[in-house]
Amino acid sequence: MNYIKHLTGFFEKVSADYDLNPTHISLYMAIFQLWNQNRFQNPISISRDELMRISKIASTATYHKCMKDLTEKEYVIYKPSFNPFKGSILEVCKLDFYTKPVPKKELKKHATKSKNDQVIEQVDEQVSKQALNKHQTSSKHVPYINNINNTNIINLAKQEISKNEKKSIFTNSIFDEVQESDLKIEKEKEKKLREKKKMKDEKNSAVISSEVEKPISKQSKPTLEEAQIYFLEKNFTEIEAQRFFNYFESNGWLVGGRTKMKDWKAAARNWMLNARKFENKTNASVQTEPKTINLNPKHLHVTNQKNYGEAL
């Protein structure tokens, strides 16, 4: 296998085929890369994801369309596998015979005409030539075999046209089945994503409803009367309740000046504990008398005249 001649033939054929675009060329070069890795064996097993990654094709629909066009133009022979654990089989057609340069006039003719049109034109040319020969040699007798040849040529042309039509129908059916399988897989993925989204929404709604059902009395701030009643129940004065209410009313019922108060009764109990500690400290300071400090330097029982030359 001479890959240089093959690539030269491919580019010669592509230059004459104006129906293909750069995406087809990119896909064929990706196929050629895999073919090269398999040491130019025919057929080879391919993976759609790998070919799409190498050819930079992001859409599966574009991939199938390009592969369909390459098979119709006889660049490759594609046999898809509908098993996700088994790769599809592809055979690369030989393009060595396209290495000879073709003149520009013929390239334009081939680009604008399909195979069926070319066969029909050839039949028409042959029939018209034979008709002219009949008119020119009307005086002479024409053998009957010419009529048989004409009918044979027309029949062969019709057979070739029907073969091409059957081939196109077969390739279209294959690619339609592949696209249908891809659509089914995508629909299943979308269903799974929707179910997951519904589960998340239900969980979030359950959490929100549980938070709403919590008692509101703990979160709301009390009135002055409620605070006084609670302090009287705990054997505290109404003045202490007013101090508590005024302090937290001034700072917006914030604990530590930052976070909102969740339970005002718990804050009131802390206030009561701190108030008792403060009262105990004040009572202890009033009851104790100040100690007398002895400023006499001799209270340490040390001689004033010390000899610093002696050892300690």
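Three strands make up an open sheet, arranged in the order 1-3-2 with antiparallel pairing. The edges are taken by strand 1 and strand 2, each of which has a single partner strand, so one side of each has no neighbour in the sheet. From one strand to the next, the twist averages 30°.

Strand 2 and strand 3 are joined in the antiparallel sense by four bridges. Within strand 3, Val-92 is the residue that stands opposite Val-76. Which helix packs on the sheet? Helix 4 does, and it touches strand 1, strand 2 and strand 3. The direction of helix 4 makes about 125° with that of strand 2.

I turn now to the nonpolar cores. The largest has 26 residues, and the members that touch the most others are Leu-27, Ile-31, Ile-46, Leu-51, Tyr-63 and Met-67. Two or more residues each come from helix 1 (3–16), helix 2 (22–37), strand 1 (44–46), helix 3 (48–55), helix 4 (60–72), strand 2 (76–79) and strand 3 (88–92). Helix 2 supplies the largest share, seven residues.

Leaving aside residues up to four places away in sequence, Ile-46 touches Leu-34, Leu-51, Tyr-63, Met-67, Tyr-78, Gly-87, Ser-88 and Leu-90. Apart from this core lies another, of 14 residues, including Phe-244, Phe-245, Met-261 and Trp-264.

A word on cysteines. Are Cys-66 and Cys-93 buried or exposed? The cut-off for buried is under 20% relative accessible area. Cys-66 has 2% relative accessibility and therefore counts as buried. Cys-93, at 17%, also counts as buried. With sulfur atoms required to lie within 2.5 Å, the count of disulfides comes to zero.

Finally, the confidence of the prediction. The protein chain has a mean pLDDT of 76, with 63% of its residues at 70 or more. Among its elements, the highest mean, 91, belongs to helix 8 (residues 224–233), and the lowest, 55, to helix 5 (residues 104–112). Residues 138–147 have pLDDT below 50, and beyond near neighbours in sequence this stretch has four contacts in the model. Residues 212–218 also have pLDDT below 50, again with four contacts beyond near neighbours in sequence. Where pLDDT is low, predicted coordinates should not be read in detail.

Definitions and conventions: Residues numbered from 1 in each chain as written. Predicted model: local features only at pLDDT ≥ 70, side-chain atom pairs only at ≥ 80, totals over all residues. Heavy atoms only, no water. Core = buried A, V, L, I, M, F, W, Y, C linked by side-chain atoms within 4.5 Å. Buried < 20%, exposed > 50% of the residue type's maximum accessible area, 1.4 Å probe, protein only. Contact = heavy atoms within 4.5 Å. Pairing = 2+ DSSP bridges. Axes fitted to C-alpha atoms, helices over the stretch in contact; angles between N-to-C directions. pLDDT = per-residue confidence, 0-100.
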